[in-house]
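Hi everyone, thanks for coming. Let me put the structure up on the screen, and then we can walk through a few parts of it together.

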Amino acid sequence: MKTPRRRLLRSAVAAGLAVQQGPAIRTGAITANNGGVALSAEEQVSRGLPTVSSSDPFRLVGARSRPLESLVEVPLSLCGGAYCITYTIDNQPFRAVVDTGSPFLLVEGARPDGTCGQAANAQRWGCYKGAARGTGLPDTDELFGGEDVGVQWRQGAFALRNASSSGGGLAIDDAIFGRINSYEGKGGGGAVFLGFAKRRLPRIRPTLLEQTGVAALRFDFPGRRMQLSPVPLIGWREDALRLIDLRPRGTPIANYACRVERLVVNGCLVPLDRPCVAVIDTGTTGLSVSEDLYDSGILPVPVREAQIEMRTERGGVAVLEASVRRRRRPYPGVPTIEQPLSAEEYEEFPLVVSPVPVPWFEPGFGEACADGEPFQCDGTPIGTRRSYLSTLLQRVDGLGEKPHVLFVGAAFLWPRQITIDVDACRMLIV
């Protein structure tokens with residue numbers, strides 16, 4: 001759920017804010033609420049609840065997903081400033097915005113009287129009817145840029161059908177999903193978002209992808225299709241971008257982020273006063289810029305065109321570009337748009353640039369996960385000093401104390417093909 005049509009600005013920032021309200025996971029096990037008594041890992045498994053591997057606190061085990069033996073391809077449709085896909089939970093149909101900037105499987109739930117809130121939204125996005133199976137996980141309040149929503153965490157049979165003639169698809173028999181049972185609007189459009197960020201801090205609610213065997217994603221935006229693969233899709237000889245995991249800095253999820261080499265706006269090189277990262281966020285329409293950068297005075301406004309340059313593993317340059325113009329000037333590294341000037345995407349994905357607060361790097365961010373327990377989102381007791389390893393990782397990533405952040409949306413992505421090897425932390429832009 002984000003903000004109004006054509007201004008889907010919740011993006012990864014909202015995912016960060018939302019997952020502050022996340023789960024209570026300690027020493028490799030989800031602390032499930034059973035009348036105030038935490039369930040042991042063995043009890044959770046016996047009840048069909050997933051647990052977290054004690055050897056790898058970011059890896060969920062026990063969720064009964066069917067093995068993903070081959071590539072799954074699903075169609076993408078335009079849906080008002082975003083791309084959408086359809087799927088089912090317990091054989092009930094849903095539609096959602098494809099969102100690489102958030103981690104969860106969320107759906108709107110019916111009220112006790114059987115109604116589904118706003119009728120137009122229920123018809124457009126779907127509405128889960130019935131109680132669903134419990135997980136033992138406490139309810140949460142998830143904070144988004146356009147809405148605050150109350151969420152019940154439930155289990156159900158998730159299915160994403162394969163568009164190819166080979167059949168099959170992605171299926172999880174007991175997927176953990178969020179059933180939205182209350183809503184406080186703040187100007188948002190009431191959309192539903194399907195999160196494709198996989199990795200998280202230990203005490204954040206289970207993500208959709210960690211409950212699957214998906215290792216890679218490919219977004220063929222010109223062809224309006226998405227692929228999910230159990231194996232990497234980027235060859236080792238490909239000159240890809242290396243993704244930066246910002247979780248050691250306290251971000252709740254591992255966004256698909258790369259360091260920005262150069263930022264060019266309106267034909268002028270922006271003299272960045274500190275390092276900058278670009279987060280690929282398919283759930284955002286335009287470009288969301290961290291407030292420090294937007295308000296610094298070094299960013300030319302209004303933004304009529306922008307090029308974001310990122311350095312590849314072998315020293316090459318990958319460029320993402322967006323413009324208010326349909327006829328665009330040639331730019332090194334940017335292929336010619338094949339679509340005609342009458343293509344729907346020009347109207348669907350305008351270059352809208354807005355500031356957004358990014359609290360990730362502020363002192364104390366992530367210390368409280370809002371579940372009433374004295375633990376930080378990384379699983380350590382509140383007040384615990386950062387580990388030597390996390391401090392070292394922050395120093396070696398070259399981003400300084402508080403990097404600028406760009407949330408790069410569909411206005412930059414729709415003419416391109418984006419491949420993300422999630423587990424290998426690599427990304428290829430064609």
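Let's begin with an open sheet of five strands, in the order 20-23-28-24-27 and with mixed pairing. Strands here are DSSP runs of E with at least two residues, helices are runs of H or I with at least four, both numbered from the N terminus, and two strands pair if DSSP finds at least two bridges between them. Strand 20 (257-259) and strand 27 (353-356) are at the edges with a single partner strand each, so one side of each has no neighbour in the sheet.

A word on the source: this is a predicted model, where local features need pLDDT of at least 70 and side-chain atom pairs count only at pLDDT 80 or more, while totals for chains, interfaces and linings use all residues. Residues are numbered from 1 along each chain as its sequence is written, and side-chain values use heavy atoms, leaving out hydrogens and water.

Back to strand 20: it runs antiparallel to strand 23 (residues 276-280), joined by three bridges, and alanine 257 sits opposite valine 279.

Finally, is leucine 413 buried or exposed? It is buried, at a relative accessible area of 1%; buried means under 20%, exposed over 50% and partly exposed in between, with a 1.4 Å probe and protein chains only. Leucine 413 belongs to helix 7 (residues 410-413). Beyond four places in sequence, its contacts (heavy atoms within 4.5 Å) include Phe221, Ile280 and Leu320.
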